Each structure stands twice: as structure tokens, then as C-alpha cells.
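Open the model in your viewer and keep the selection panel at hand.

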Amino acid sequence: MESENHTRVGEFLLMGLSEDPDVQPLLFGLFLSVYLVTVLGNLLIILTVSSDSHLHTPMYFFLSNLSFTDICFSSTMVPKMLVDIQRQCHTISYTGCLSQISFALTFGGMENFLLAVMAYDHYVAICNPLRYTVILSPHLCVLLIVLSVSISIVDALPHSLMVLQLSFCTDLTIPHFFCELAQLIKLACSDTFINTILVYMVTGILGIVCLIGIIFSYVKIFSSILRMSSAKAKQKAFSTCGSHLSIVSLFYGAGFGVYASSEFTSSSSSSAIASLMYTVVPPLMNPFLYSLRNRDVKEALKKIIRPYPFVRLSHLL
């Protein structure tokens with residue numbers, strides 16, 4: 001691009017999921033419902049874990065942190081999208097865009113690390129049950145959370161600082177419903193080589209390391225389960241891992257979809273849908289998978305709901 005085509009950035013235009021005005025009320029209602037269910041469902045998980053002493057274990061400590069991360073991750077993008085649809089104004093300030101990128105990378109990274117930590121928790125619980133509380137001491141649990149937060153912030157910081165060095169052309173339209181880092185880099189007129197290296201090397205390596213850790217944990221877990229003689233013990237072990245495996249499949253499957261759509265297709269709608277699956281669906285599904293498939297959580301939820309006869313949810317549990 002010629003230098004005269006460069007412009008001082010004041011704001012970006014987010015295209016959203018659809019430009020059809022007839023579809024906007026439907027999208028608003030859908031995503032408002034999804035966001036409310038996500039926030040209330042994950043808050044219910046946190047309340048359940050904190051109020052029931054039987055759930056004061058490393059597994060549910062990590063689960064409540066995952067629920068908190070899911071609320072923050074979803075809140076980084078969905079409320080802004082709802083406001084844009086309601087006001088019919090899809091602009092976002094330069095500062096707002098950078099902030100959204102930073103928070104999305106931080107909470108996305110935390111989700112990535114927490115899923116790996118929870119896989120390790122399941123590995124210890126199934127493969128070393130007698131030493132579970134010794135290995136996963138309260139000190140280690142807090143340390144793992146602190147490390148997850150710290151590494152996620154350290155990962156997000158250089159991306160945000162490098163974006164500040166980019167210059168942009170006159171086209172400031174982001175074909176997305178939020179400021180995604182890869183889409184913003186595509187708009188830049190200046191050299192983006194270092195930014196691209198950071199995206200595909202640093203973030204990629206961290207994601208791959210966590211995924212390898214999860215796969216290694218589950219190889220050990222399944223090997224241990226197959227050696228169990230009791231069918232009931234096998235069923236309990238698979239039940240313990242089922243919810244976590246479902247979330248892992250959603251998160252990493254959608255994450256790979258975002259990468260594939262960005263690299264191998266030029267369709268902005270495909271990329272937006274893939275990002276939607278990555279950023280909105282896992283936080284939404286987390287409370288359902290852990291409340292409907294986990295016996296301990298279901299029993300604790302019943303204790304919370306039982307004093308309120310007007311809540312007719314017991315048949316779902």
C-alpha cells in the first residue's frame with residue numbers, strides 16, 4: 001500500500017454475523033439468551049461448589065475457576081455485540097479493540113491451561129487415587145491457577161504491544177463480530193511478520209503443549225481404566241472424564257476450525273462461525289455438561305434448589 005493510503009485509526013467497523021436488518025432482532029434474542037444462560041449457569045456452578053463442603057476438592061476447585069473464566073471470556077465479546085445490534089452501530093474504538101483483543105487472549109489462554117490442569121487432576125484421581133490429596137495439595141492447586149493466569153497474561157501482552165506498532169489503511173472493516181487478532185493483522189499496511197510469528201509460534205506452541213499434556217494424561221487414564229477389574233469402577237472413571245473430554249473436544253475442535261478457516265478459506269462468514277463455536281459455545285455448554293453428567297454436582301444442585309419450591313427444575317436433574 002502507498003503511504004498516502006495510511007490513516008490515523010480512530011475506530012474499526014465490525015461487520016458482525018449478518019448485515020440483513022431482518023435478521024438482527026433474531027440474533028439479538030438468540031445471543032442475549034445464550035449470554036444469560038452462560039453467565040447464570042456458570043455462576044450456579046461456582047455457587048454450588050462453594051456452598052457444598054463435599055465439593056471442596058481440587059477437581060471442583062478447578063471447575064469453579066473454569067466457570068469464572070468462561071463468564072469472563074464470554075463477557076469480553078457478547079455484550080459488545082448485543083449493544084451493536086441494539087444500537088445498529090457496529091463501530092468499536094481503537095482502544096476498545098485493543099482491550100478486547102487483550103482480554104480475549106488472556107481468558108482464552110486461561111481456558112486452555114485450565115483444561116490441561118483438569119486433565120492432570122483426572123489423571124492423578126484415577127491413576128494415583130491413594131495419593132490424590134497429597135499430590136494435589138491446596139498449595140499446588142493455587143499455584144497451578146496462578147501459573148495459568150500469569151502465563152496467559154504474559155502471552156497476551158506481547159500481542160497487544162505489537163498491534164500498537166501496526167499502521168492501518170483506509171479500509172478499517174473487520175469481517176467479524178469482535179476484534180479478533182488475526183483479522184486485525186490482515187488489515188495492517190505495515191510489516192506484520194513479527195505479529196504472525198507471535199500468533200503462530202507462541203500461541204500455537206502454548207496450545208500444542210497443553211493439548212499434548214491432555215492427550216498424555218488421557219492415554220495414562222484409559223490405560224489404567226482398562227486394567228480395572230470392576231465394571232462399576234470403570235463406569236465411574238469414564239463418567240468422571242466424560243464432561244471434561246466433551247469440553248476439550250469443543251474447545252480444541254473449534255480452535256482448529258478457526259485456524260483452518262483463517263488459513264485455507266477466504267470466506268469471512270466461515271471464519272466468524274468458527275470463532276463463534278470457539279468463543280461462545282464452550283462457555284455455554286460447560287454448566288450443562290458438568291451439572292447433567294456429574295452425580296456430585298447434581299446432588300449439590302438439588303440441595304440448593306430444594307428450598308425454593310417455585311423452581312421446577314428437579315425433574316431435569
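**Stop one: the cavity**

Select H3 to begin: this helix contributes three residues, the largest share, to the lining of the largest cavity. The model is a predicted one. A search of the whole structure turns up one cavity of 30 Å³ or more, and the volume of the largest cavity is about 90 Å³. Next, show Gly16, Leu17, Met81, Ile85 and His90; among the 13 lining residues, these are the closest to the centre of the cavity. Then colour helix H1 (24–51) and helix H3 (78–87), the elements that each give two or more residues to that lining. Colouring the lining by class gives seven nonpolar, five polar and one charged residues.

**Stop two: the annotated segments**

Select residues 26–47, 59–78, 98–120, 132–154, 197–219, 240–260 and 272–292, which an unreviewed UniProt entry annotates as "transmembrane region". Two of them can be inspected in turn. Residues 26–47 are 100% helix and 0% strand, with 31 Å between the end C-alpha atoms. Residues 197–219 are likewise 100% helix and 0% strand, and their end C-alpha atoms lie 31 Å apart.

**Stop three: the whole chain**

How much of the chain is buried? Of its 317 residues, 45% are. With contacts displayed, take those with a separation of 6 or more: 77% of them join residues 24 or more positions apart. Finish with the surface, where the chain exposes about 16400 Å², 67% of it supplied by carbon and sulfur atoms.

Notes. Residues numbered from 1 in each chain as written. Predicted model: local features only at pLDDT ≥ 70, side-chain atom pairs only at ≥ 80, totals over all residues. Heavy atoms only, no water. Buried < 20%, exposed > 50% of the residue type's maximum accessible area, 1.4 Å probe, protein only. Contact = heavy atoms within 4.5 Å. Areas by Shrake-Rupley, 256 points an atom, 1.4 Å probe, with all protein chains shown as cover. UniProt positions renumbered as here; feature names shortened; annotations may be inferred. Helix = DSSP H or I, 4+ residues; strand = E, 2+ residues; numbered from the N terminus. 1 Å grid on protein atoms, 1.4 Å probe; cavity = no way out; pocket = protein on both sides within 12 Å on 5 of 7 lines; lining within 4 Å. Points joined across faces, edges and corners; volume = space filled by probe spheres on them. Nonpolar A, V, L, I, M, F, W, Y, C, P; charged D, E, K, R; others polar.
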